There are 2 protein chains.
Amino acid sequence: MPNRENLPPLNRQFVSHFGEMGSRWGINRTVGQIYALIFISPHALNADDIAEALEFSRSNVSMGLKELQSWRLVKLRHQPGDRREYFEAPADVWEIFRVLAEERRRREIEPTLSMLRMALLEAPTSDAERHAQERMKEMHELIDRLMTWFDDVQKLAPETAMQLMGMGATVTKVLEFKDRMTGKSPAKLAATTKDN
Amino acid sequence: MPNRENLPPLNRQFVSHFGEMGSRWGINRTVGQIYALIFISPHALNADDIAEALEFSRSNVSMGLKELQSWRLVKLRHQPGDRREYFEAPADVWEIFRVLAEERRRREIEPTLSMLRMALLEAPTSDAERHAQERMKEMHELIDRLMTWFDDVQKLAPETAMQLMGMGATVTKVLEFKDRMTGKSPAKLAATTKDN
DNA sequence: ATGAATTTTCAGTAATTACTGAAAATTCAA
DNA sequence: TTGAATTTTCAGTAATTACTGAAAATTCAT
């Protein structure tokens, strides 16, 4: 029966760091700690394990796990001959990142995009509204581009995506070269490169 | 003297959306609304303008502006013959995104990287610690790569970065091609492409 | 079906975070 | 300097969010 005392120092440090950081993210302290614990655990944990290790009430753990499930950050497992539910984090950290990014997008970005799209359909009735719409259009376009690009990257397999990330500088060079060849319009550039 | 009533519907909608979203971000409702108001305003605003438009107390606005300044999201201006400070958002939305990303990195990622680096220097004294370190190493590597790549992209001028984002699919193709040519090791790939 | 094991819900309370008004500090023109 | 204009601080309070224990609901072996 491992309680917080039994968490080795390294593990304890990691868990409590995630607790503190949790608040800077949207996530709360408890949920952060629960996830950290699951993440570094060599095997799946059940709710009682977690409650004991972190000295949280059982109900708090239940809520925390529900929250983590809604973020799709934990996987549910069952041990043969044990009715309790066991939770584990994906083995692949890239997978974790991808899911996290997807969820944040769904919760934090999509609603804003909808709102902006709605607002941009309205006919402005004053200079104040006209200017506001102008700004909203700029914002919408930026977010939209970021998301389209993110979609593309997200489709890559982890390995390929990791490669892509090692290549920022190189990609720049490619772009500069293409620029010289094709002129500067992004649309034109995209069209040209896609035709290859 | 514009108060909240005088905010046209479109502007009001935008402002209150940012208030609600603010909480999903780390930022609070008030700060979100203040920034939204500044962002869509055609001219710089002073603290009294903001307090009046949003019906917040003057001190609340003061705190909110301080917060926004700490995020480097507002620029300070002075009107000739007026002692009050006026605030505005950068005209370039890409600039806003860049600053936001930098600050989030500094506040939310760097501390975690340091913690991980520290933890990875310790000699594990049990299997639990050994496994935890293994996981931390994976996490550290992922974050480290993401950041290096982000540095590269961030160095690009806005225009070029926007182009890059239009190119996700194309970049994938380039990588797949390089793969076939050079074998799959990321290190090898990076070396090869950088040598060009 | 029954009931033991397990999970979830939820009302009450604790803890945290946000907001205000008043007072203090700062800034700057005269 | 002085003091009016402006901004900041801060103690008190309001509002929100997090956490708990007890009770309800669910699940599943018998």
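# Briefing: chain A, its cores and the DNA surface

Of the 196 residues in chain A, 26% count as buried. The model is a predicted one. Chain A contains nine helices and three strands. Its three strands form an open sheet with antiparallel pairing. The largest nonpolar core holds 30 residues, and elements of chain A and chain B both contribute to this core. Around DNA strand C there are 22 residues.

**Chain A layout**

- Along the sequence, the elements of chain A run α-α-β-α-α-β-β-α-α-α-α-α.
- Among contacts in chain A with a separation of 6 or more, 43% join residues 24 or more positions apart.

**The sheet**

- The strand order is S1-S3-S2 in chain A.
- S1 and S2 of chain A are the edge strands; each has a single partner strand, so one side of each lacks a neighbour in the sheet.
- Strand S1 of chain A covers residues 45-46 and pairs with strand S3, residues 85-88, over two bridges in the antiparallel sense.
- In that pairing, A:Asn46 has A:Tyr86 of S3(A) as its bridge partner.
- Strand S2 of chain A, residues 75-78, pairs with S3(A) over four bridges, also antiparallel.
- A:Lys75 is the bridge partner of A:Glu88 in S3(A).
- A:His78 stands opposite A:Glu85 in S3(A).
- S2(A) and S3(A) make a hairpin, with six residues between the two strands.
- In the turn of this hairpin, A:Gly81 has a positive phi of about 75°.
- In general, strands of a sheet pair through backbone hydrogen bonds, either parallel or antiparallel.

**The nonpolar cores**

- In the largest core, the residues touching the most other members are A:Phe14, A:Ile34, A:Tyr35, A:Ala36, A:Leu37, A:Ile38 and A:Ile50.
- From chain A, helix H1 (9-24), helix H2 (29-40), H3 and H4 each give two or more residues to this core.
- From chain B, helix H5 (93-121) and helix H6 (127-155) do likewise.
- H2(A) gives the most to this core, with eight residues.
- Beyond its neighbours within four places in sequence, A:Ile34 is in contact with A:Ile50, A:Leu54, A:Val61, A:Gly64, A:Leu65 and A:Leu68.
- A second, separate core has 29 residues, among them B:Phe18, B:Leu37, B:Phe39 and B:Ala53.

**The surface near DNA strand C**

- The residues that come nearest are A:Ser59, B:Asn28, B:Thr30, B:Ser59 and B:Asn60.
- Chain A supplies at least two residues from each of helix H3 (47-54) and helix H4 (58-70).
- In chain B, helix H2 (29-40) and helix H4 (58-70) each supply at least two as well.
- H4(A) has the largest share of this surface, with six residues.
- By type, the residues of the surface comprise five nonpolar, nine polar and eight charged.

**A:Glu138**

- A:Glu138 belongs to helix H6 of chain A, residues 127-155.
- A:Glu138 has 16 C-beta neighbours inside 10 Å and therefore counts as partly exposed; the cut-offs are 20 or more for buried and 12 or fewer for exposed.
- A:Glu138 and A:Ala51 are 87 residues apart along the chain, and their C-alpha atoms are separated by 47 Å.

Terms used:
Residues are numbered from 1 along each chain as its sequence is written. Chains are lettered from A and ligands numbered from 1 in the order in which they are written. This is a predicted model: local features need pLDDT of at least 70, side-chain atom pairs count only at pLDDT 80 or more; totals for chains, interfaces and linings use all residues. A residue is near a molecule or strand if its C-beta atom, placed from the backbone, lies within 6 Å of it. Ala, Val, Leu, Ile, Met, Phe, Trp, Tyr, Cys and Pro count as nonpolar, Asp, Glu, Lys and Arg as charged, and the others, Gly among them, as polar. Two strands pair if DSSP finds at least two bridges between them. Two residues are in contact if their C-beta atoms, placed from the backbone, lie within 7 Å. A nonpolar core is a set of buried Ala, Val, Leu, Ile, Met, Phe, Trp, Tyr and Cys residues joined through C-beta atoms within 7 Å.
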